[in-house]
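Here is a short report on one protein model. Look over the sequence and the structure first, then read on.

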Amino acid sequence: MRIPTWTEDELVLAGALVVRNGWRELRTTDRAVHELSELLRSLPIHGPEARALPSFRSPDSVSRKTTDFMTNHSSYSGKATRCGKLTLLMIEAFMTREAEMLQAARMLEEGVGSGDLHAIPPQPDEVDEAGHTAIEGRLLVRRALARERDPKLRSLKIEQVRRRSSTLKCEVCDFDFARVYGALGEGYIEVHHVTPLHVSGARETSLDDLACLCANCHRMCHRSRPGESWRTPTVLREQIRKSIQTPVH
Ligand SMILES: [Zn+2]
Ligand SMILES: [Zn+2]
């Protein structure tokens, strides 16, 4: 079995290590490299066979990854090491959205340390049809999706919308399930967290953090594209407006 390539979650953690070290690589002998190696070997992302390989995310491989981060930074004057496209996207994310990416790393570290992230079962849409996940990584996506399925939050949000207006419809495209599907669609809507977890932090959810969306808009908010995070309903609405003006086909 081959060592699996690095995923978003793993790169978030390695990137944070490099950024905290002033964008300098870390040696195999560095204590932080050993700690990260251990953490990566414990993440519930790769299968048990991969994780059992002695060289899987060894201190050597972690140190090499920190070198990729350092030498592929745009201000590095020496020769860049060869690394995958995803690593390059991640370097760019750390360069342009440093605070957000460091927050994602902190949430991953805390969630793994407390055992919370190991306790959440894999969710159906945490990885998209092409195998991508949002830039903050699969485990934070997993946690956010699990949280959205909380039936209590869902019914509280629906109650709030009903109190404010009589119709339950998609906040992005106005789709109304009851109008189209009649009695079958009555009361159906999907509840979505507007701000990704790694941006909001692990705070208590308020009803205003939630949006009601139709199934299509919900899927499009969550669709993972390489190097991107989930988009908010506001951004999605803007994207619809633009694509109607300049159709792809
Ligand atoms: Zn919609
Ligand atoms: Zn959602």
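A residue counts as buried when its relative accessible area is under 20%, as exposed when over 50%, and as partly exposed in between, using a 1.4 Å probe and protein chains only. The model is predicted: local features need pLDDT of at least 70, side-chain atom pairs count only at pLDDT 80 or more, and totals for chains, interfaces and linings use all residues. Residues are numbered from 1 along each chain as its sequence is written, chains are lettered from A and ligands numbered from 1 in the order in which they are written, and side-chain values use heavy atoms, with hydrogens and water left out.

**Overall build**

The protein has 13 helices and 2 strands. These are DSSP runs numbered from the N terminus: helices are H or I with at least four residues, strands are E with at least two. The C-alpha trace spans about 65 × 40 × 35 Å along its principal axes. Of the 249 residues, 45% are buried.

**The zinc site**

The zinc ion (ligand 2) is coordinated by Glu148, His192, His218 and His222, at 1.9 to 2.3 Å. Donors are N, O and S atoms within 2.8 Å of the metal (3.2 Å for Na, K and Ca); water is not among the atoms, so sites may look incomplete. The spacing of the donor residues in sequence is E-x43-H-x25-H-x3-H. Glu148 lies in helix 8 and His218 in helix 12 (residues 215–222), so this pair ties together parts that are 70 residues apart in sequence.

Asp128 is found in the loop between helix 7 (116–119) and helix 8. Its C-alpha atom is separated by 6.6 Å from that of Arg223, 95 residues apart along the chain.

**Helix 6 against helix 8**

How do the axes of helix 6 and helix 8 cross? The axes of helix 6 (residues 98–114) and helix 8 (residues 138–148) come within 10 Å and cross at roughly 75°. Axes are lines fitted to C-alpha atoms, for helices over the stretch in contact, and angles run from 0 to 180 degrees between N-to-C directions. Helix 6 is therefore roughly perpendicular to helix 8, a term for angles of 65 to 115 degrees.

Ala104, Met107, Leu108 and Gly111 in helix 6 meet Leu139, Leu140 and Arg143 in helix 8. Contact here means heavy atoms within 4.5 Å.

Notes:
Parallel < 35°, antiparallel > 145°, perpendicular 65-115°, else oblique.
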